[in-house]
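Hi,

Here is the structure I promised to pass on. Have a look at it first, and my notes on the charged pairs follow below.

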Amino acid sequence: MGNATLLSKIRFGAAGIMLLAATSMAYAAWPERNITFIVPFPAGGSSDMVARAIGQKVSDTLGQPVVVENRSGATGALGATAVARAAADGYTVLVGSIGVYATNPFLQPNLKYDPLKDFDLLTVAVRAPNVLVANLNFPANTVAELVDHLKKTPGKITFASSGAGSSDHLTAALFWQRTGTTGLHVPYRGGAPAVSDLLAGHVNVSFQNINAVIGQIQSKQLKVLAITGDARSRLLPEVPTLKELGIDGVDVFSWQAVAAPKGLPADVKAKLHGEIVAALKAPDVRKRMEDIGLEIVANTPEQFQEFLVSELARWKRVIETGNITVE
């Protein structure tokens, strides 16, 4: 081997080591600039609230601003697609709901992302059961009475939802499937108008996220018939679960979760996950969430992956059985 060849190899090896060192130092220095949390829904909703609560804590501990960007449209698909296409460097993060991760794949045939393949799943942040609520003048005061009304007047009793394919819509569909009944789905553009019409008596009943209607329940503006969780809520200890009432398989939670573009460097992923979990477990954040009925989950990426696989299978069955579309 000539001296020139040997020198070339030494230089090449040294350059490679320097490149690896520089890359390692760049990742070790993360974050060096703003981190963007993309919420694929308008400001004010559950995903937005969770993102802002987490973002503030993460910003405080990492010393870099966390910017929450609301990029709504197509039931969360626009914002989720933007994250899936972003650089996998830890500077773009998705904070979205069950619909973004678990139901859009079966409701939007032209969806431009795959929740299992295009994201590094970080954690399920929070979850909340739905509650079955009714207008005060609706004659049914129990779930048994509601089922009786549904069987006597199939397809007539109106169920409000925050939109076709939403958690509350799919919970109603699952409830009909499990009770052998049918109702009339009335979709709205968001939870607020659905609840408004429910209060006014323009629709009869609705499955709503507990955090969206806890105030109206506690002030006796709506009557609550049941809860979809696997246990009673500490906010509504007198309200039975559907399972207690003999209706199995309708243990439903709405949830918000955090993900990033696929391919995060392992150390960045570990650090980002750790910061988000620490933020969720901070006493002030936990109290704020639990006071409105949200339960902190803060699980591992592996647990999130396993959970999402089961949720995808579940809602695929419900959507296909009910021939549900968003059109």
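A quick word on confidence before the rest: pLDDT is the predictor's own confidence in each residue, on a scale from 0 to 100. You are looking at a predicted model, and its chain averages a pLDDT of 91, with 91% of the residues scoring at least 70. One stretch to treat with care is residues 18–27, where pLDDT stays under 50 and the model has three contacts beyond four places in sequence. Where pLDDT is low, the coordinates should not be read in detail.

Now the salt bridges. The count comes to 13. Here are some of them.

Arg71 pairs with Glu69, with 2.5 Å between the closest N and O atoms. Arg71 is partly exposed at 33% relative accessible area, and Glu69 is partly exposed too, at 28%.

Lys262 and Asp120 form another salt bridge, their closest N and O atoms being 3.8 Å apart. This one links distant parts of the chain, 142 residues apart: Lys262 is in the loop between strand S9 and helix H9, while Asp120 belongs to strand S4. Asp120 is buried, since its relative accessible area is 7% and the cut-off for buried is under 20%. Lys262, at 47%, is partly exposed.

Asp291 meets Arg234 at 3.7 Å, N to O. They sit 57 residues apart, with Asp291 in the loop between helix H10 and strand S10 and Arg234 in the loop between strands S8 and S9. Arg234 counts as exposed at 54%, whereas Asp291 is partly exposed at 39%.

Finally, Arg127, Asp230 and Glu295 are linked in a network of salt bridges.

Cheers

Note on methods:
Residues are numbered from 1 along each chain as its sequence is written. This is a predicted model: local features need pLDDT of at least 70, side-chain atom pairs count only at pLDDT 80 or more; totals for chains, interfaces and linings use all residues. Side-chain values use heavy atoms; hydrogens and water are left out. Contact means heavy atoms within 4.5 Å. A salt bridge is a side-chain nitrogen of Lys or Arg within 4 Å of a carboxyl oxygen of Asp or Glu. Buried means under 20% relative accessible area, exposed over 50%, partly exposed in between (1.4 Å probe, protein chains only). Helices (H or I, at least four residues) and strands (E, at least two) are DSSP runs, numbered from the N terminus.
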